[in-house]
Amino acid sequence: MSINWKQRYAENPHLDNEALWQVDISSLPVRKRKTTQRNQNICYDMRHGGVGRIVAENYGVTPQQVTYVMQRVFSVDENGEFFLSRGLITGDRLKKPKRNAPLSTKAKPTNAKCCLGAVCEALPDWLNELFQLVLADERRDPYALNLTPQCFWQLALAGLKARDWPLDTWPFSHDTKGYSTFRRLLIKLRNQIAKERSNLRKTLEGIHRKDLATMPFDEVQIDWQVCDEICRLTTECEGDVVDTRLERCCLLVAFCVKTRCVLAWHLALTRNPNHADILQVIDNIFRQRKRTIRVTPELEHFPGADYPVSVIPEMHMIGINTISMDNAWANMARAVCDKACDIGALIRFGKGNTPLDRNFVESVFYYINGLTHRQANTTGSHPNDPIKEAPKNAKKPPVVSIQSFQELLDVWISKYNADISFHNMAESPLQRLEQYYRTQPIRLSHNFRHQKRDLFISEHRAKIYAPKKELRRPEIHHQKLVYRGSDLTDRDLAGTEVKFRRDRRDIRSIEVFTLKGQYLGKLHVQRAYLEYPLSETTYLRVKAFVKKYGTKSQNPVIAYLRHHFLNRESTRSQLEFLRVSEELKGQKTLFLNDADEATQEKETEFVERRVTNVPSIRELMKQKNYGEDLCY
Amino acid sequence: MKVRCKNLDTPYQHPTRRGFKTKVDCYQTRLTKFPKENAVAHCIHEMLLWGIFEGDPTVNYLVPQPYLFYMGTKTYQPDLFYMRNGQRFIVEVKSEAGFEGFTERSELITEFLKPTIYEFQHITNESIADREVFARNWLIIVHTLVTATNIETLHTEVNVLDRLYGNDLQVGDIVDCAHRIDSSLNEIALYRLAHTGKVELDLEHERLNSETGVRLCR
């Protein structure tokens with residue numbers, strides 16, 4: 001029989017001391033403060049002779065809740081001490097969960113709650129052995145095993161068997177043999193090792209990293225993840241409308257640490273973003289606005305949802321102090337480093353395997369995944385999990401067009417900026433940003449007051465080329481492109497070094513200057529690439545395509561596009577087709593010919609060969625002795 | 001063990017291999033005392049040291065990752081080179097515990113540099129961390145100056161000096177935080193004066209704000 005709290009209170013008169021019942025409410029998380037204060041008041045009233053029913057009425061709770069609070073504070077921990085004020089804090093687990101009932105057996109199956117803890121208590125060396133296995137795997141020792149969840153599970157069961165664990169007791173009593181439990185144990189052990197490593201690293205480095213983002217734009221974290229969306233591409237070919245599944249895209253997000261505000265996002269239509277996508281998301285920080293909903297009916301933005309441009313008029317001049325990214329090669333591209341440093345930022349490429357250093361942007365992805373990710377299976381989403389959700393329970397997510405998906409993303413992400421949260425001083429991120437902007441000296445980049453900030457424009461140096469044998473206009477060669485124009489006709493300039501300015505988003509023309517900065521003129525690329533606005537990334541891919549497959553077409557860009565259109569079975573080709581066509585079309589309508597000239601030629605050859613290989617009907621009939629007359 | 005160095009007279013930033021960049025906390029930025037290219041640091045303390053040297057008007061010039069010393073079959077790259085009042089220093093940044101295993105190499109380098117005009121210095125992470133606020137404040141100022149190269153402030157600098165003559169003011173007295181764009185010239189002039197050592201800012205303990213103290217250097 002359990003002892004009543006009143007009995008315990010009477011037996012321990014030293015508990016009258018009010019100092020034992022004090023809780024520092026201000027140090028608690030905001031969400032716990034109100035309930036903890038209420039519990040403290042209830043406890044005080046009850047200890048001073050209050051009647052449970054009346055106290056419950058006073059504080060708007062049930063009498064059972066009052067009893068629960070009192071029993072909780074007078075419970076004892078492992079050391080035999082009362083919880084007292086520790087029990088007043090709501091939501092805190094006071095005792096480590098422990099299994100009191102005997103373990104489940106085949107003869108008497110029960111639930112599997114806290115079974116692993118009971119087994120570990122009984123066999124501490126077994127747990128230590130498992131820990132050593134994980135540690136070896138994490139250290140990549142030569143004798144380490146490749147610890148997939150399945151492998152770990154089997155090793156754990158083998159370890160139990162080796163220790164004569166009864167084969168009718170948990171985990172052998174269940175059909176699954178505790179697979180999910182051991183998978184979770186593996187993750188827990190890995191996390192434990194990672195935490196110890198992290199602490200060790202901090203100790204060796206001398207200081208702990210402090211969060212020094214005391215101002216908006218002090219630290220902007222940029223990261224990307226592959227979106228688990230299902231998008232389709234609708235194509236019409238000879239009257240047939242076909243929906244094709246697209247490959248998954250990458251979502252890049254820029255996030256301000258101090259204000260918890262999503263500054264910008266960019267959906268890269270590829271699985272592997274490159275430096276152009278990173279530059280795009282940095283560029284979007286200064287100009288991202290709400291999208292106009294065009295495709296998705298009945299969808300609209302939440303009230304107040306927007307981006308920083310709406311609250312900061314001088315957003316184009318704002319200076320970012322630190323840009324934190326991971327050490328992906330796309331992030332470390334020279335173009336990204338140069339441009340980010342040009343805008344006066346300090347770039348930080350985090351060490352590998354330390355995503356917690358950029359935990360804020362990871363939390364945004366967690367929020368976004370609420371929209372995009374499918375529900376996790378019961379066994380988790382690890383690719384090596386052998387047990388999956390049954391097909392009958394698996395739900396097919398809706399398939400949307402890429403435009404709809406972008407609109408959905410825009411609505412969802414802009415809502416994040418408008419949501420009021422308690423951990424953010426009970427303000428929305430945008431409100432907080434605006435407040436800081438009005439009162440604090442946020443850093444400004446004064447060069448951009450009169451000068452347009454464009455991260456895609458780069459300056460290069462080159463020599464003017466004018467071959468003596470060919471009497472054509474002088475030209476500039478860059479990335480195997482030839483730029484000529486009516487502004488540069490003086491052949492005497494051959495060999496002179498000049499600098500030119502180029503837009504990475506449209507490589508069709510360049511502006512040429514002397515080394516002293518005098519404007520010489522505008523030159524244009526050769527005719528093959530002149531028709532459509534072509535980015536540097538696409539041009540390099542077209543060049544690789546032409547090198548690999550060759551083309552006799554006048555326009556290699558259209559040949560490249562047609563190649564991806566014809567490979568409709570490949571989701572990757574479809575995504576690339578979509579990306580290039582979005583880039584090219586601009587104001588024009590794209591027209592793809594029926595077939596490439598080179599392809600046509602190949603097909604004709606094939607037909608001719610087939611005709612020559614198959615004997616004619618006349619010959620066949622001769623062979624079968626049907627006579628020549630029957631042929632007609 | 002024999003120590004060699006190819007370019008002792010002309011320090012330049014040695015490129016960091018991409019594989020190494022992915023293994024360390026890598027920082028890159030533009031500095032006013034190293035204007036040629038992006039400065040690269042391989043840990044947070046090296047980066048903070050830039051800020052400390054940028055805030056020191058006696059330091060004229062600095063180069064991160066300046067040399068490559070060949071020591072037997074191994075190579076060694078110090079973290080920073082800087083010039084203070086004509087004296088040249090080569091710096092290695094490590095934690096106190098880290099320097100315990102560095103004595104042999106350190107002795108070799110010191111011996112090698114003895115007949116030259118260079119001096120080999122140890123700076124501990126802990127000593128840099130003590131001045132973290134100062135360093136970060138100066139990095140902010142440097143970033144502002146790097147992005148304000150097109151703005152001429154000669155006359156404004158004279159005006160600011162006039163106002164400071166005989167008065168100790170605050171940043172808020174010179175830069176109007178409510179109208180930043182209008183007082184941008186004052187802000188840049190103040191930072192330029194501080195950078196050249198004509199004006200002193202109280203940046204040791206608090207982040208640069210409108211209440212930061214400003215006074216003329218004695």
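A nonpolar core, as I use the term, is a set of buried Ala, Val, Leu, Ile, Met, Phe, Trp, Tyr and Cys residues joined through C-beta atoms within 7 Å. Buried means that 20 or more other C-beta atoms lie within 10 Å of the residue's own; exposed means 12 or fewer, partly exposed is in between, and C-beta atoms are placed from the backbone.

Now the ground rules. This is a predicted model: local features need pLDDT of at least 70, side-chain atom pairs count only at pLDDT 80 or more, and totals for chains, interfaces and linings use all residues. Residues are numbered from 1 along each chain as its sequence is written, while chains are lettered from A and ligands numbered from 1 in the order in which they are written.

Cores first. The largest nonpolar core has 143 residues. Val220(A), Ala254(A), Phe255(A), Ile347(A) and Leu190(B) have the most contacts inside it. Helix α6(B) gives this core its largest share, nine residues. Another core lies apart from it, with 16 residues, including Cys115(A), Leu130(A), Leu133(A) and Leu186(A).

A word on terms. Two residues are in contact if their C-beta atoms, placed from the backbone, lie within 7 Å. Helices (H or I, at least four residues) and strands (E, at least two) are DSSP runs, numbered from the N terminus.

Chain A in brief. It has 18 helices and 14 strands. Of its 632 residues, 29% are buried. Take the contacts in chain A between residues at least 6 apart in sequence: 62% of them join residues at least 24 apart.

Next, a sheet that takes strands from both chains. Strands pair here if DSSP finds at least two bridges between them. The sheet is open and has seven strands, in the order β5(A)-β4(A)-β1(A)-β6(A)-β7(A)-β2(B)-β3(B), with mixed pairing. Its edges are β5 (261–268) of chain A and β3 (39–41) of chain B, each pairing on one side only. Twist from one strand to the next averages 20 degrees. Angles run from 0 to 180 degrees between N-to-C directions, with axes fitted to C-alpha atoms, for helices over the stretch in contact.

Inside that sheet, β1 (219–226) and β4 (250–256) of chain A pair antiparallel over seven bridges. Gln221(A) stands opposite Phe255(A) there. Where do the chains join? Strand β7 (346–349) of chain A runs antiparallel to β2(B), with three bridges between them. Arg348(A) has Tyr27(B) as its bridge partner. Ile347(A) touches Tyr27(B), Gln28(B) and Thr29(B), as well as Ile323(A), Met325(A), Cys337(A), Ala340(A) and Cys341(A), leaving out residues up to four places away in sequence.

Now the whole interface. 37 residues of chain B are in contact with 29 residues of chain A. On the chain B side, α1 (18–21), β2 (26–29), α5 (125–130), α6 (132–146) and α9 (184–196) each supply at least two residues. α6(B) has the largest share, six residues. By class, this side has 14 nonpolar, 14 polar and nine charged residues. Nonpolar covers Ala, Val, Leu, Ile, Met, Phe, Trp, Tyr, Cys and Pro; charged covers Asp, Glu, Lys and Arg; the others, Gly among them, are polar.

On to the rest of chain B. Why is helix α2 (44–54) of chain B largely enclosed by the rest of the structure? Because ten of its eleven residues are buried. Trp50(B), Phe53(B) and Glu54(B) are among them.

Strand β4 (59–64) of chain B meets β7 (80–84) of chain B antiparallel, over five bridges. Tyr61(B) stands opposite Met83(B). β7(B) also pairs antiparallel with β8 (87–94) of chain B, again over five bridges. Here Phe81(B) partners Ile90(B). The hairpin of β7(B) and β8(B) has two residues between the strands, and Asn85(B) takes a positive phi near 50 degrees.

Chain B also has an open three-stranded sheet, order β10-β12-β11, antiparallel. β10 (169–170) and β11 (199–201) are its edge strands. Three bridges join β11(B) to β12 (213–216) of chain B, and Glu200(B) stands opposite Arg215(B).

Last, a helix pair in chain A. The axes of α15 (556–566) and α16 (571–585) come within 8 Å and cross at roughly 145 degrees. Val557(A), Leu561(A), His564(A) and Phe565(A) make the contact from α15(A), facing residues of α16(A) that include Phe577(A), Val580(A) and Leu584(A). The contact counts six nonpolar, three polar and one charged residues.
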